[in-house]
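Subject: Structure handover

Hello,

Here is the structure for you to look through. Notes on what was found follow below it.

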Amino acid sequence: MNKVLIIVGDATETVDTLYPYYRLIEGGYEPVVAAPEKRLYQMVLHEVKPGWTITKEWEGYTIQADIAFKDIKEEEYLGIFFSGGRAPEYIRDDEDLIRITQHFFEMNKPIASVCHGVEIPARAGCVKGRRMATVPKCQFDLEVCGGIFVNEACVIDGNMVSGRTYHDHGQYIGPWMKMLDEARNQY
C-alpha cells in the first residue's frame, strides 16, 4: 500500500499542496489528488505582506484532481494530507469528505494538516482533545470544535502531524513521512 490522499479544492494554497506532493513521490508513494470533482483546480499563493494585517492572495499553478471524493475507497489509502488555503472552508461540508476524514482518524492512519486544512477534521468531529498547529486565524475553528491550539512549527498528536503554514513544511512533513514509512512497513 503506497497511495496517499492530498485533499484540495479551488483556492488550495500552492506551496501547501506541491511540497508534500513531491515529497511523497520522493518517498516512493503515489500521491492521489482528491477534490469534490475530478477536474482541474486553481491553486493560490498566500502571504501576509509587510504592513498588512490580512493575507494577500495571488493565483498560483493549477492541479488536476485524480479522483472525486465520492469515488474514494478510503481503505485503499495509507495516509491523508489536508492542504491549506481557502479551499477547506468551501469543501469541509462535503459528506464524502467527512466520511473519508473520519475513516483516517478511526483507523489511526497517518494524517497531516497545515494552515486552514484544520477546518476539515474540525468539521468532521475529529479534533476534540487533539493538539494541533494551524494558522492562528483558524485557532477559533479548532478550539470551538474541542481541539487544542499549539503555536509551533510541528505538532504531533498520535497519528496526526500538523504545521501552521507553508513556512513550517521543513519541520512537520518529515515526521509525517516517517509515520507513513512505519505504516507502509506493516503491510
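Predicted model: local features only at pLDDT ≥ 70, side-chain atom pairs only at ≥ 80, totals over all residues.

Salt bridges

Arg 86 forms a salt bridge with Glu 57, and the closest N and O atoms are 2.7 Å apart. Glu 57 lies in strand S5 (residues 56-64) and Arg 86 in the loop between strand S7 (79-82) and helix H2 (87-91), so this pair ties together parts that are 29 residues apart in sequence. Glu 57 is also partly exposed, with a relative accessible area of 30%.

The count of salt bridges comes to 14. Another of them joins Arg 39 to Asp 10, with 2.8 Å between the closest N and O atoms. Here too distant parts of the chain are linked: Arg 39 sits in the loop between strand S3 (30-35) and strand S4 (40-47), and Asp 10 in the loop between strand S1 (3-7) and strand S2 (12-13), 29 residues apart. Arg 39 is partly exposed at 31% relative accessibility, and Asp 10 is partly exposed at 35%.

Asp 93 and Arg 123 form a salt bridge as well, the closest N and O atoms being 2.7 Å apart. Asp 93 is in the loop between H2 and helix H3 (95-106) and Arg 123 is in helix H4 (residues 119-123), so parts 30 residues apart in sequence are tied together. At 40% relative accessibility, Arg 123 counts as partly exposed. Salt bridges with shared partners also join Asp 10, Glu 37 and Arg 39 into one network.

Nonpolar core

The largest nonpolar core has 54 residues, of which Leu 5, Ile 7 and Trp 176 touch the most other members. Helix H6 (residues 169-185) gives the most to this core, with seven residues. Leaving aside residues up to four places away in sequence, Ile 7 touches several residues, including Ala 34, Phe 69, Phe 82, Leu 97 and Ile 120.

Strand S12

In strand S12 (residues 160-163), Met 160 and Ser 162 point one way and Val 161 and Gly 163 the other, and all are buried. S12 runs parallel to strand S8 (residues 111-114), joined by four bridges, and Ser 113 stands opposite Ser 162. With strand S11 (residues 155-157), S12 pairs in the antiparallel sense over three bridges, and Asp 157 stands opposite Met 160. The hairpin of S11 and S12 has two residues between the strands, and Gly 158 takes a positive phi near 65° there.

Regards

How values were computed
Residues numbered from 1 in each chain as written. Heavy atoms only, no water. Core = buried A, V, L, I, M, F, W, Y, C linked by side-chain atoms within 4.5 Å. Buried < 20%, exposed > 50% of the residue type's maximum accessible area, 1.4 Å probe, protein only. Contact = heavy atoms within 4.5 Å. Pairing = 2+ DSSP bridges. Salt bridge = Lys/Arg side-chain N within 4 Å of Asp/Glu carboxyl O.
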